[in-house]
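Please open your viewer and get ready to select residues by number. We will take a short walk, one stop at a time.

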Amino acid sequence: MSKKQIFEFIDNNEEMFSKIARAIWEHPQMALEETFASDLHAITLEEAGFRVTKGLRGLPTAVMAEYGEGRPVIGLLGEYDALDGLSQDSCAVRKPLVEGGPGHGCGHNLLGTGAMAAAIAVKKAIESGEISGTVRYYGCPAEEELIGKTFMLRDGYFDDLDAALYWHPSSNNAPWKGSSLACISAVFTFRGLTAHAPQAHLGRSALDAVEIMDIGANYLREHLPRTVLMHYSILGNHIAPNTVPDRCQVWYMMRAPKRAELDAAFARLKEVARGAAIITGTEVQSVEIIGSGNDVNANSALGDLMGKNMQECGGPRFTEEDYEYGRKITALFTEDQLVNGARAFSVPMEHLHDVFEIGVNPMPEGFMQPMSVDLDMSWILPVGGANCATWPIGVFTHTWQATACTGTAVGYHGMLFAAKTLAGTVYDLMHDSEEMKKVTEEFEASKADHEYVCPLSHESVPHRVK
Ligand SMILES: [Zn+2]
């Protein structure tokens with residue numbers, strides 16, 4: 001089975017893969033609760049003849065499916081978690097299917113299904129005897145909270161991989177050359193002393209501690225490097241104002257271009273929490289790391305190979321109906337919004353009014369994507385990534401417009417393009433040992449002075465903040 005036949009196999013199965021992506025889109029489930037998608041992926045892969053493992057340590061919705069024998073062992077990384085509050089019908093006006101419900105505003109219904117489609121196509125090529133090696137699909141839960149792959153890495157599930165490939169829905173078509181932001185996600189729990197509000201002088205309010213911590217953090221901002229970002233959300237304690245709350249939690253996420261800078265800033269944030277506890281006579285009961293992601297160490301040799309395959313398979317094939325739908329979406333944006341959306345994904349400005357990006361435009365060397373991913377494994381093994389256009393130029397991830405597109409042919413056409421890119425790249429790695437060698441050599445050089453430290457303790461268990 002030649003590479004051309006791999007591409008044809010994916011195109012010929014458009015209906016099957018689109019139906020899977022749509023079914024997952026219709027059943028959006030939050031991090032660690034993705035039972036529908038993980039079952040569907042496991043069944044599809046079992047029927048396709050893979051050796052399937054369902055559920056990995058602490059992650060019941062993870063899937064691992066393997067075919068082939070020997071080296072190279074190439075991982076294809078899928079995801080399928082949804083986002084809160086982004087429920088949306090597949091139309092170009094704001095119309096939640098479930099008010100306040102979850103939706104696929106990051107396109108992970110496409111991400112997982114595209115990676116799975118690539119794995120199935122690669123299996124066909126291995127079966128035909130054209131290439132040899134092991135292809136392994138990973139259904140990785142809870143990416144949105146930077147949980148899944150960080151825990152899977154800690155527990156050794158990627159240890160024997162020679163390389164891993166990843167793609168993400170986007171408005172551009174670009175192999176990864178630069179990096180993304182390191183991120184840490186942590187919940188601070190304060191413990192105080194409860195009291196009836198008229199006797200509040202006897203109590204110590206954990207809510208006060210959280211408020212003072214947030215004020216402190218906002219003053220801290222000015223004295224952190226400008227590249228450090230900080231976001232927080234107070235978790236509901238549902239206590240009426242007539243009781244002094246003895247427990248309150250605040251969830252922080254911090255980002256920075258480099259892990260070391262992030263760790264230094266996070267250490268200062270912990271000091272702010274300690275200060276808030278002293279001021280309010282409470283204590284910081286715990287600082288729990290929920291999830292974490294390092295800045296990505298993108299392998300350029302893999303990026304180049306993915307870029308070459310993007311060219312070979314000819315870009316996403318958007319139809320006239322796709323354009324009609326896309327134009328309705330882009331009509332929602334002002335010129336400024338379009339420019340910002342294009343810049344965020346390094347879409348060349350001359351394409352601003354093209355509705356879709358159909359050409360391949362590699363991200364400039366060193367380009368920092370304004371997001372974080374749980375690809376810490378890029379410091380342990382070579383990881384290649386690419387963005388593929390699944391929605392119009394101007395649309396950001398984590399928006400209702402993204403949900404609207406990922407449940408339509410616009411999203412499916414981008415997904416098929418991604419599947420071909422991934423499958424073609426695995427084909428090259430298995431077909432040509434020189435390509436694999438280039439990738440490995442670049443990786444060895446890139447991590448020379450970088451020792452990866454897993455931010456999770458061995459005992460910590462994956463769980464969602466609710
Ligand atoms: Zn995502």
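## Stop one: aromatic rings

Select Phe-356 first: with a relative accessibility of 1%, Phe-356 counts as buried. Keep in mind, as you look around, that this is a predicted model.

Tyr-323 and Phe-356 form an edge-to-face aromatic pair, with 5.0 Å from centre to centre and 80 degrees between the planes. The two partners come from distant parts of the chain, 33 residues apart: Tyr-323 sits in helix 9 (residues 320-330), and Phe-356 in the loop between helix 10 (335-344) and strand 14 (368-369). Is Tyr-323 buried or exposed? Tyr-323 is buried, at a relative accessible area of 16%, because anything under 20% counts as buried.

Next, select Phe-345 and Phe-396. This aromatic pair is tilted, with 6.2 Å between the centres and 55 degrees between the planes. Phe-345 is in the loop between helix 10 and strand 14, while Phe-396 is in the loop between strand 15 (383-389) and helix 11 (400-406), so the pair ties together parts 51 residues apart in sequence. Phe-345 is buried, with a relative accessible area of 7%, whereas Phe-396 is partly exposed at 32%.

For a group of rings, select Phe-188, Tyr-232, Tyr-252 and Phe-266, which ring pairs link into a cluster. A search of the whole structure finds 9 aromatic pairs.

## Stop two: the zinc ion

Select the zinc ion now. Which residues coordinate the zinc ion? They are Cys-106 through SG, His-108 through NE2 and His-168 through NE2, at 2.0 to 2.3 Å. The two histidines link distant parts of the chain, 60 residues apart: His-108 belongs to helix 4 (residues 108-127) and His-168 to strand 5 (residues 163-170). Both His-108 and His-168 are buried.

## Stop three: the largest pocket

Finish at the largest pocket, which has a volume of about 800 Å³. To find its centre, select Leu-83, Glu-144, Met-253, Arg-255 and His-398, the closest to the centre of the 31 residues that line the pocket.

Then colour strand 5, strand 10 (229-235) and strand 12 (247-256): each supplies at least two residues of the lining. By class, the lining has 17 nonpolar, 9 polar and 5 charged residues.

Where does the largest pocket lie? Colour domain 1 (3-181 + 295-446) and domain 2 (183-293) separately: both give residues to the lining, so the largest pocket lies between them.

Conventions. Residues are numbered from 1 along each chain as its sequence is written. This is a predicted model: local features need pLDDT of at least 70, side-chain atom pairs count only at pLDDT 80 or more; totals for chains, interfaces and linings use all residues. Side-chain values use heavy atoms; hydrogens and water are left out. Donors are N, O and S atoms within 2.8 Å of the metal (3.2 Å for Na, K and Ca); water is not among the atoms, so sites may look incomplete. Helices (H or I, at least four residues) and strands (E, at least two) are DSSP runs, numbered from the N terminus. Buried means under 20% relative accessible area, exposed over 50%, partly exposed in between (1.4 Å probe, protein chains only). On a 1 Å grid over the protein atoms alone, a cavity is a set of points where a 1.4 Å probe fits but cannot get out, and a pocket is an open set with protein on both sides within 12 Å along at least five of seven lines; lining residues have an atom within 4 Å of a point. Grid points are joined across faces, edges and corners, and a volume is the space filled by probe spheres set on the points. Ala, Val, Leu, Ile, Met, Phe, Trp, Tyr, Cys and Pro count as nonpolar, Asp, Glu, Lys and Arg as charged, and the others, Gly among them, as polar. Domain bounds come from an automatic or database domain assignment. Rings of Phe, Tyr and Trp (its six-membered ring) pair if their centres lie within 6.5 Å; planes under 30 degrees apart count as stacked, over 60 as edge-to-face and the rest as tilted.
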